[in-house]
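Me: Please take a close look at one part of this predicted model. I am new to it and would like to follow how its charged side chains pair.

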Amino acid sequence: DERIAQWTTLGGAELPAGIESSARRNIQKARAEGVTVREDQGALPFLEATHRENMAAIGGRAKPAAFFASLQVMTAGRDWRLHVAERDGQPLAALLTFEAATTVEYVMPVVIESARTLQPTAAILAAAMADAAARGFARWNWGGTWLTQEGVYRFKKKWGAAERRYH
């Protein structure tokens with residue numbers, strides 16, 4: 001099994017320098033559409049429900065309820081964070097991240113299908129990366145990507161991801 005590890009180096013800037021122009025345009029579009037981002041650890045039910053919908057739409061396997069329950073064993077705001085993108089008070093997307101040492105781990109993004117064109121994921125990533133950099137984190141770990149996941153690979157790459165293959 002060969003995969004590609006991808007990570008983005010965070011700095012003091014709002015956004016890492018290597019982010020491609022298409023990602024920057026997506027961020028601008030989200031802002032123009034009135035998408036805002038906030039941290040909300042209480043939005044776990046939205047994360048879980050939207051995760052199940054997203055996985056069902058692609059024929060994927062959703063994480064079990066025990067995964068979401070296990071987050072309560074960890075400390076919110078220290079071990080994990082949940083950013084939510086919304087418009088007019090309605091949640092559109094969310095991103096679960098884990099944190100340890102100097103690294104933020106991109107764990108679970110979710111988005112309501114009808115909101116994809118508003119680019120809420122781009123808004124969340126911009127906010128979460130800037131927040132992590134401001135709090136002193138040095139690396140955004142995108143995790144491993146299978147060689148067959150070309151779309152996932154390109155998505156991570158446009159957010160300034162460096163890479164290395166591993167087995």
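Reply: The side chains of Glu 99 and Arg 135 form a salt bridge, with 2.5 Å from N to O. Glu 99 belongs to strand 4 (residues 90–100), while Arg 135 sits in the loop between helix 4 (120–134) and strand 6 (139–146), so this pair ties together parts that are 36 residues apart in sequence. Glu 99 is buried because its relative accessibility is 10%, under the 20% limit. Arg 135, at 32% relative accessibility, is partly exposed.

Elsewhere in the model, the side chains of Glu 33 and Arg 87 meet in a salt bridge at 3.3 Å, N to O. Glu 33 lies in the loop between helix 1 (21–32) and strand 2 (36–39), and Arg 87 lies in strand 3 (residues 80–87), so the pair ties together parts that are 54 residues apart in sequence. Glu 33 is partly exposed, at a relative accessible area of 31%. Arg 87 is partly exposed as well, at 29% relative accessibility.

Arg 52 and Glu 48 are both in helix 2 (residues 44–58), 4 residues apart, which is about one turn of the helix. Their side chains form a salt bridge of 2.9 Å, N to O. Arg 52 has 31% relative accessibility and counts as partly exposed.

The count of salt bridges in the model comes to 13.

Technical notes
Residues numbered from 1 in each chain as written. Predicted model: local features only at pLDDT ≥ 70, side-chain atom pairs only at ≥ 80, totals over all residues. Heavy atoms only, no water. Salt bridge = Lys/Arg side-chain N within 4 Å of Asp/Glu carboxyl O. Helix = DSSP H or I, 4+ residues; strand = E, 2+ residues; numbered from the N terminus. Buried < 20%, exposed > 50% of the residue type's maximum accessible area, 1.4 Å probe, protein only.
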